[in-house]
Amino acid sequence: MKIAVVILNWNGKALLEQFLPSVLKYSHEAKIYVADNASTDGSIAYLEQSFPNVSIVKNDDNYGFAGGYNQALKKIDADIFCLLNNDVEVTSGWLSPIIKHFEDHPATAIIQPKILDFKQRDTFEYAGAAGGFIDKYGYPYCRGRLFDTLETDQGQYNDSAEIFWASGACFFIRAKDFEQLGGFDDDFFAHMEEIDLCWRAFNSNLKVHYVGASTVYHLGGGTLSNLNPKKTYLNFRNGLFALTKNASGNLLFIIFIRLILDGLAALRFLFLMQPKHVLAILKSHLNFYSMLPKLLNERAQINQRKNYYKINSIVWRYFALKRQSYNSL
């Protein structure tokens, strides 16, 4: 089984300096690649000089997370792709449980390890934690993370479990399944493209798993901080994209409720005196409307599978019922 660890980079020279050594130290089972999105900060020259054993795939533009990986993976021969953020520290033996799970479970297409916070190392990290799910209206949440509430790692998620989506911070996928699913949706650019891909995998009866015996530490916000309104824009817009393409049931009703909930989120940002995030949500909706004909066309080509959600509304349970840990849901 040929494993390729592929690190997407855009002007992340400082992050490569900090995090690439751990990947090289603990990934002897894999070949290491850096896929560069036309960086201008000297990343490639640094890699060529400091890490000559790392293979470099040069994209001719910044295609974002989705397009950047789509471009690069066409040039990489492997059975399993590990898509790894450039701000992730891996640990000794991190690959072995993942490889064994793929070998023992041929129906599993996608795997995520345990993702802890690089700075608070006993705490789950926002981007994926111990594996993700979505509610009826397309809002994501994780075992170990609901909205901004992060759980402490006390061994409660040391299991292996089927999940709905795996984090793009450390995302393993069989190459044949990535190709069969058509890769990421370039229109997403960045954020939630992995949820869309996992949703399409679910609709194709492929399985996504979490393997808690493998641990990585994620810095988070290395390319785009949670405080950046652009991240708010991409998350809200792409959530609507994924929902429209993939959700089963009465789409008009689901989208109507989702838009109302997004409006409440905008009011919350206004109450918190964050008007740029309010404008980001408005902009995300306007872009969604402009893309709706294309999204509906894509929806017509996907066989939507029922029962994609465990709960109707994570928003209601978290904010109204004050259930702020996964096991309390």
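These legends describe close-up views of salt bridges and a nonpolar surface patch in a predicted model. Local features need pLDDT of at least 70, side-chain atom pairs count only at pLDDT 80 or more, and totals for chains, interfaces and linings use all residues. Residues are numbered from 1 along each chain as its sequence is written, and side-chain values use heavy atoms, with hydrogens and water left out.

**View 1. Lys58 forms a salt bridge with Glu48.** A salt bridge here is a side-chain nitrogen of Lys or Arg within 4 Å of a carboxyl oxygen of Asp or Glu. By this rule the count comes to 14. For Lys58 and Glu48, the closest N and O atoms are 3.7 Å apart. Lys58 belongs to strand β3 (residues 55–59) and Glu48 to helix α2 (residues 43–50), so the pair ties together parts that are 10 residues apart in sequence. Helices (H or I, at least four residues) and strands (E, at least two) are DSSP runs, numbered from the N terminus. Lys58 is partly exposed, at 48% relative accessibility. Glu48 is also partly exposed, at 45%. Buried means under 20% relative accessible area, exposed over 50%, and partly exposed in between (1.4 Å probe, protein chains only).

**View 2. Glu89 pairs with Arg121 in a salt bridge.** The closest N and O atoms are 2.5 Å apart. This pair links distant parts of the chain, 32 residues apart. Glu89 sits in strand β5 (residues 88–90), and Arg121 in the loop between β6 (108–117) and β7 (132–134). Glu89 is partly exposed, with 21% relative accessibility. Arg121 is partly exposed, with a relative accessible area of 38%.

**View 3. Lys245 and Glu298 meet in a salt bridge.** The N to O distance is 3.9 Å. Lys245 is in helix α7 (residues 229–246) and Glu298 in helix α9 (residues 275–300), so their contact ties together parts that are 53 residues apart in sequence. Both Lys245 and Glu298 are buried.

**View 4. Five residues make a nonpolar surface patch.** Phe256, Ile260, Leu264, Leu267 and Leu270 form this patch of about 500 Å². Patches are made of residues with over 30% relative accessible area and no salt bridge; like charges are joined within 9 Å, nonpolar side chains (Val, Leu, Ile, Met, Phe, Trp, Tyr) within 5 Å. Leu267 is found in helix α8 (residues 251–271). Leu267 is exposed, at 52% relative accessible area.

Methods:
Accessible areas come from the Shrake-Rupley method with a 1.4 Å probe; for residues, only the protein chains shown count as cover.
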